[in-house]
Amino acid sequence: MSSTLEFIPPLIDGVSASKVFLPNVVVANTVFDYLCQHFPHIQIQEWQQRFEDQLIYAADGSKLQLNSPYTPNSHIFYYRFLAHEIHVPFQHEILFENDDLLVVDKPHFLTMTPTGQYVQETLLVRLKKQTGYADLTPIHRLDRETAGVVLFCKRAESRGVYQQLFADRKVQKTYHAIAAYHLELKLPQTLQLHLEKGTPFYTMQVNTEKPSNTETWIELLDHNQEYAKYLLKPKTGKQHQLRVHLNYLGIPILHDSFYPTVVHKADEDFSHPLQLLAKEIHFIDPISHTQMSFSSNYELTL
């Protein structure tokens with residue numbers, strides 16, 4: 001009796017393969033035809049190039065050609081590369097590593113995971129390329145504009161217990177931010193607001209008519225009369241929460257290109273990083289049951 005091992009696609013230049021199922025209810029003669037139909041936003045020439053570069057694999061690990069026939073109820077793997085990416089000239093630092101975790105200090109301007117115009121120039125792909133850990137996955141996320149401590153899980157088997165820590169709000173995160181100094185602002189304070197999708201779609205807005213779904217503790221660390229350094233402890237983790245909360249108080253974070261108004265910057269403009277830093281993270285490890293504390297080596301200065 002023979003057993004067949006499932007093909008596990010390799011990491012190529014730090015990039016993991018994407019898996020696509022080929023359904024039965026499709027009219028396509030070749031895999032190439034189907035991919036062009038299924039991903040209309042990707043140019044035909046790009047799929048042609050991926051086949052020519054031998055970046056499309058069948059489920060058994062064989063490399064597919066432009067004329068490879070469509071086989072319903074099977075799956076394929078493909079790799080995503082971009083012909084041109086803007087290089088992000090800032091480096092991450094690995095702060096800690098054990099069997100399950102990789103704790104990383106993320107620089108400003110580096111996107112967490114492949115999306116849109118970034119593949120190689122993302123933290124996840126850089127880390128996979130550096131470490132060779134194919135199953136590496138971020139447990140939580142930071143905006144492209146935000147720097148600081150972020151956690152990755154090395155093993156698929158332990159990913160769920162770490163993600164559950166965040167879902168259960170058992171992770172304490174401390175941020176630093178630079179924003180305008182307002183003498184009349186009563187601090188420290190706990191701010192609770194209802195955040196929902198705004199316009200444009202990639203922003204968030206406050207709805208004062210609805211019960212709060214976000215909470216942040218805010219205190220003043222230092223100031224020079226014009227600007228202040230604030231300590232922020234979010235209890236919830238909504239998109240852009242800290243940026244929207246400080247903007248609501250009339251002290252938008254320095255160099256914020258979304259709040260109070262969207263300002264479009266050139267992708268290669270790395271001047272004026274958002275003055276928001278994920279400074280510290282604390283939690284009890286669900287596997288070792290020990291207290292874990294990590295701090296960014298970055299500092300925001302007035």
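Modeller: Gladly! This is a predicted model, so to speak: local features need pLDDT of at least 70, side-chain atom pairs count only at pLDDT 80 or more, and totals for chains, interfaces and linings use all residues. Numbering runs from 1 along each chain as its sequence is written, and side-chain values use heavy atoms, leaving out hydrogens and water.Colleague: Which residues of helix α2 are buried?

Modeller: Helices here are DSSP runs (H or I, at least four residues), as strands are (E, at least two), numbered from the N terminus. Buried means under 20% relative accessible area, exposed over 50%, and partly exposed in between, with a 1.4 Å probe and protein chains only. On the other side of α2, Gln45 and Glu52 are exposed. The buried residues of α2 (44–52) are Trp47, Arg50 and Phe51.

Colleague: Why do the buried residues line one face of α2?

Modeller: An α-helix has 3.6 residues a turn, so residues three or four places apart point the same way. The arc used here is that of the directions from the helix axis to the C-beta atoms. The buried residues of α2 line one face because, seen down its axis, they fall within an arc of 100°.

Colleague: What do those buried residues of α2 pack against?

Modeller: Contact means heavy atoms within 4.5 Å. By that test, the buried residues of α2 pack against α1 (31–38), β2 (56–58) and β3 (74–78).

Colleague: Which residue follows α2, and what is its phi?

Modeller: The phi there is positive. The residue following α2 is Gln54, with phi near 60°.

Technical notes. Residues are numbered from 1 along each chain as its sequence is written. Side-chain values use heavy atoms; hydrogens and water are left out.
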